[in-house]
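Subject: Structure handover and notes on helix packing and the sheet

Dear colleague,

I am passing on the structure below, followed by notes on what was found in it. Please read the notes with the structure open beside them.

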Amino acid sequence: MGIIGAGSMGILTGYHLSLAGADVTFLVRPHRREQLSQPQKLYSFDDNDLKTYTSYELLTDPAGLTGASFDFVVVTLDGAALRADAGQKVVDEIGRAFRGTSTAVILGSVGIDLRTWFLERSGLADDQVTNGGLGMWAYEAKRADMPLHEGMSADLLAQADYGYRHLSPAGFVVDLSAPQVAHEFAALYNSSGVSQCAELPIDAHKLIVSVSPASLAWELLGWPAAKDIDTADETWQLGVEAVKEFRRLSVFGPAGIAASEETTAENVLEVFRQAEQAALPMDATAFMAYHHGSKLAGQGNEVLDEAVRRGETEGAEMPALRALLKKLPH
């Protein structure tokens, strides 16, 4: 099992795959080797316990992928990093190493139809690559200020490198772009015994990114608790209208049109409110502020900018999304 990147997604995926009996190798930048040479401490908000993860190997040179034998490679770079120069070189090495082999790739990067770009860049076969990603919430514990809620252990959390919380039994998700890859990966992941892998229809997984404008609206409101957001608020209304515009892009097809017509300020907010309750004792607002407002801000901005560009190409003005983006501080 190869995992490209050892941030929160990579470490938590690797940990659960190791529980399933997989041998895991991380490809990381050289400066991460020292940190990852130490046991990784994982604070579980599921049972408020500290787990230790040590059973993995490390690579620091993408060229080391050539000649490696992996059943699966999980790409955990965020969408912006994947398409940056360094990320493109990694994709080139993945293609060079695994074209014409039985190695399957789980593309965990977030973007608008990134799989099409990845297939073209890597030269891998269509039935070799499926989309995927974390279903749980995970974060770098030293980089986020997580408020304490009842049931949490402040002492254990202070020792942690990463924190994570299952909002449902599914700690990972894959789509059915390459059905055999999805089924086989899910079967392996499910063997962990403590976390499950959900298999989503292609349209359902593709539409996940279209909620991005609502996260931006939440940020512009100053990250209040989801329960305190007023659905009549102008910024929230603008964010929801931008979600509807986003979903009408042609890349989402008829499923996107149907989803757009069903989108309301109330049902989008309800998704966040339900997540807020399911996340406890993890603080959902603190997590969202870290994850979307800090850690993945570059990826989020790139996604929204691409949505505007696609809208222009298709003759859609997308006024709500443009107005929302203008509210961002320079």
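Helix H9 passes helix H10 in a right-handed crossing, where right-handed means that the near helix is turned clockwise from the far one by less than a right angle, and left-handed that it is turned anticlockwise. Please keep in mind that this is a predicted model, in which local features need pLDDT of at least 70 and side-chain atom pairs count only at pLDDT 80 or more, while totals for chains, interfaces and linings use all residues. Residues are numbered from 1 along each chain as its sequence is written, and side-chain values use heavy atoms, with hydrogens and water left out.

Helices (H or I, at least four residues) and strands (E, at least two) are DSSP runs, numbered from the N terminus. The axes of H9 and H10 (residues 234-247) come within 8 Å and cross at roughly 165°, the axes being lines fitted to C-alpha atoms, for helices over the stretch in contact, and the angles running from 0 to 180 degrees between N-to-C directions. H9 and H10 are therefore roughly antiparallel to each other, a term that applies to angles over 145 degrees.

On the H9 side, the contact (heavy atoms within 4.5 Å) is made by Pro 213, Ala 214, Ala 217, Trp 218 and Leu 220, and on the H10 side by Thr 235, Trp 236, Gly 239, Ala 242, Val 243 and Phe 246. These residues divide into nine nonpolar, two polar and no charged, with Ala, Val, Leu, Ile, Met, Phe, Trp, Tyr, Cys and Pro counted as nonpolar, Asp, Glu, Lys and Arg as charged, and the others, Gly among them, as polar.

H9 (residues 212-220) also meets helix H15 (residues 319-326), their axes coming within 10 Å and crossing at roughly 35°, and this crossing is left-handed. Pro 213, Leu 216, Ala 217 and Leu 220 of H9 make the contact with Leu 321, Leu 324 and Leu 325 of H15, and its residues divide into seven nonpolar, no polar and no charged.

Turning to the strands, an open sheet of eight has the order E5-E2-E1-E6-E7-E8-E11-E12, with mixed pairing, two strands being paired if DSSP finds at least two bridges between them. Strands E5 (56-59) and E12 (196-200) stand at the edges, each with a single partner strand, so one side of each is left without a neighbour in the sheet. The twist averages 25° from one strand to the next. Strand E11 (residues 170-175) runs parallel to E12 and is joined to E12 by five bridges; Phe 172 stands opposite Cys 197 in E12.

Kind regards

Note on methods: Angles under 35 degrees count as roughly parallel, over 145 as roughly antiparallel, 65 to 115 as roughly perpendicular and the rest as oblique.
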